[in-house]
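Please read these notes with the model open beside you.

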Amino acid sequence: MKEFFETYIQHQEDIEYFLQESIKNIGSLSNHKKNDFRQLYKLFPSLELVYIINKDTKIQTSSNFYRYKNDDNAKNKDRSHLISKLHFKESNIAFSKPYISSATRNTCVTVTIKEDDEIFFLDFQIDILLQKLNLVELNKPFHSVTKGFYIVAGFSMMVLSIITILFSLYDFTFYLFSKNELSLEMIFKPIIALTLSIAIFDLAKTILEQEVFFKSYSKNSKVETKILTKFLTTIIIALSIEALIVVFKIAINDYDQMINAFYLIAGIALILISLTIFINFSSKRYKQNSVEAN
């Protein structure tokens with residue numbers, strides 16, 4: 001779905017022009033109220049929701065008109081928070097940024113039109129809109145399977161991370177109250193498990209946010225660097241703790257094997273240096289892209 005958003009951003013000016021001219025050509029929107037905007041839904045396959053707000057009171061005066069049903073629960077609600085975000089053009093039309101609709105849970109863009117003392121809100125579903133404009137090829141069954149896979153994989157990783165935490169705490173508690181002698185290794189093992197659980201949970205959360213729930217639509221070098229940095233930092237911490245345990249065990253039991261601990265620490269250092277170079281390179285590229293965009 002991020003690809004849809006990127007495609008929309010790339011063609012935003014043309015898409016907004018298309019919607020603006022198309023809406024102008026259908027005439028006054030007030031004429032379509034009598035048939036619950038059914039004609040609009042026939043003209044725009046990507047249209048998914050229409051509602052009306054009074055320009056002065058900022059109260060929703062209509063029901064939510066969906067393609068196949070009407071919802072009266074939204075009527076008479078205060079929509080001043082929506083009005084405050086609008087920036088109308090000279091043609092009395094405003095376009096929102098892409099967002100997740102709280103009513104339909106789909107990614108959409110809202111076109112707002114002023115007519116007399118009323119403001120019409122038209123929500124267009126982005127993926128269908130791009131498909132109808134031949135900007136993307138949408139295979140709905142495959143998209144549904146892909147989204148379902150991400151949902152299963154993401155939540156499975158979250159569950160496994162929680163299980164890992166519970167098992168490490170149980171194992172540590174059982175060992176603590178048993179007759180076995182408490183060792184430094186048994187103290188560090190739960191810490192490693194907890195650290196890896198955080199990394200797994202963060203990865204699962206990122207997958208769900210980016211591919212399913214779309215908490216963040218941003219997809220640039222800065223966001224990707226932040227995600228990768230956070231994940232690798234957690235892994236480096238876990239490896240560093242493991243290296244510390246190895247050093248202690250070798251120092252106590254077999255000092256001749258200390259070279260192996262050195263190899264592990266050197267590997268961690270190499271990962272850390274590589275990550276630093278990557279962050280520095282990505283930061284410079286992001287600044288360069290920002291300058292070019294401005």
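1. Burial classes. A residue is called buried under 20% relative accessible area, exposed over 50%, and partly exposed in between, with a 1.4 Å probe and protein chains only. Aspartate 36, with a relative accessible area of 24%, is therefore partly exposed. Asparagine 76 counts as exposed, at 59% relative accessibility. Buried residues make up 35% of the 294 residues in the protein chain.

2. Basis and confidence. The model is predicted: local features need pLDDT of at least 70, side-chain atom pairs count only at pLDDT 80 or more, and totals for chains, interfaces and linings use all residues. Residues are numbered from 1 along each chain as its sequence is written, and side-chain values use heavy atoms, with hydrogens and water left out. pLDDT is the predictor's confidence in each residue, from 0 to 100. The protein chain averages 82, and 88% of the residues score at least 70. Over residues 215–221 pLDDT stays under 50; the model has 17 contacts for this stretch beyond four places in sequence, a contact being heavy atoms within 4.5 Å.

3. Overall make-up. The protein chain has nine helices and seven strands. These are DSSP runs numbered from the N terminus, with helices being H or I of at least four residues and strands E of at least two. Of the contacts between residues at least 6 apart in sequence, 57% join residues at least 24 apart.

4. Nonpolar cores. A nonpolar core here is a set of buried Ala, Val, Leu, Ile, Met, Phe, Trp, Tyr and Cys residues joined through side-chain atoms within 4.5 Å. The largest has 26 residues, and Phe37, Leu47, Val111, Leu122 and Phe124 have the most contacts inside it. Two or more residues each come from α1 (2–10), α2 (12–25), α3 (38–43), β1 (47–54), β4 (93–95), β6 (107–115), β7 (118–125) and α5 (126–132). Another core, of nine residues, lies apart from it and includes Leu49, Tyr51, Ala94 and Phe121. In soluble globular proteins, nonpolar side chains tend to be buried together.

5. Phenylalanine 124. Which residues does phenylalanine 124 contact, leaving aside its neighbours within four places in sequence? Among them are Leu19, Leu47, Val111 and Leu129, as well as Ser46 and Thr107.

6. Helix α2. The 14 residues of α2 should span 20 Å at 1.5 Å a residue, and the end C-alpha atoms are 20 Å apart, which agrees; the expected span is 1.5 Å times one less than the number of residues. Ile15, Glu16, Leu19, Gln20, Ser22 and Ile23 are buried in α2. Seen down the axis, the buried residues fall within an arc of 165°, so they line one face of the helix; the arc is that of the directions from the helix axis to the C-beta atoms. Turned away from the buried side is a face with the exposed residues Glu13, Asp14, Tyr17 and Asn25. Glycine 27, with a positive phi near 85°, follows α2.

7. Aromatic pairs. Rings of Phe, Tyr and Trp (its six-membered ring) pair if their centres lie within 6.5 Å; planes under 30 degrees apart count as stacked, over 60 as edge-to-face and the rest as tilted. The structure holds seven such pairs. Phenylalanine 37 and phenylalanine 120 are edge-to-face, at 6.3 Å centre to centre and 75° between the planes. Phenylalanine 37 sits in the loop between α2 and α3 and phenylalanine 120 in strand β7, 83 residues apart. Both phenylalanine 37 and phenylalanine 120 are buried. Tyrosine 51 and phenylalanine 121 are stacked, at 5.0 Å centre to centre and 5° between the planes. Tyrosine 51 is in strand β1 and phenylalanine 121 in strand β7, so this pair ties together parts 70 residues apart in sequence. Ring pairs also link Phe37, Phe65 and Phe120 into a cluster.

8. Isoleucine 236 is found in helix α8 (residues 221–253) and is buried, with a relative accessible area of 9%. Beyond four places in sequence, isoleucine 236 contacts Ile268, Ile271, Leu272 and Leu275. Threonine 7, in helix α1, is buried at 13% relative accessibility. Threonine 7 touches Leu130, Leu135 and Val136, not counting residues up to four places away in sequence.

9. Positive phi. Most residues other than glycine have a negative phi. Aspartate 36 has a positive phi of about 55° although it is not a glycine, and is found in the loop between α2 and α3. Asparagine 76, also not a glycine, has a positive phi of about 70° and lies in the loop between β3 (70–71) and α4 (80–83).
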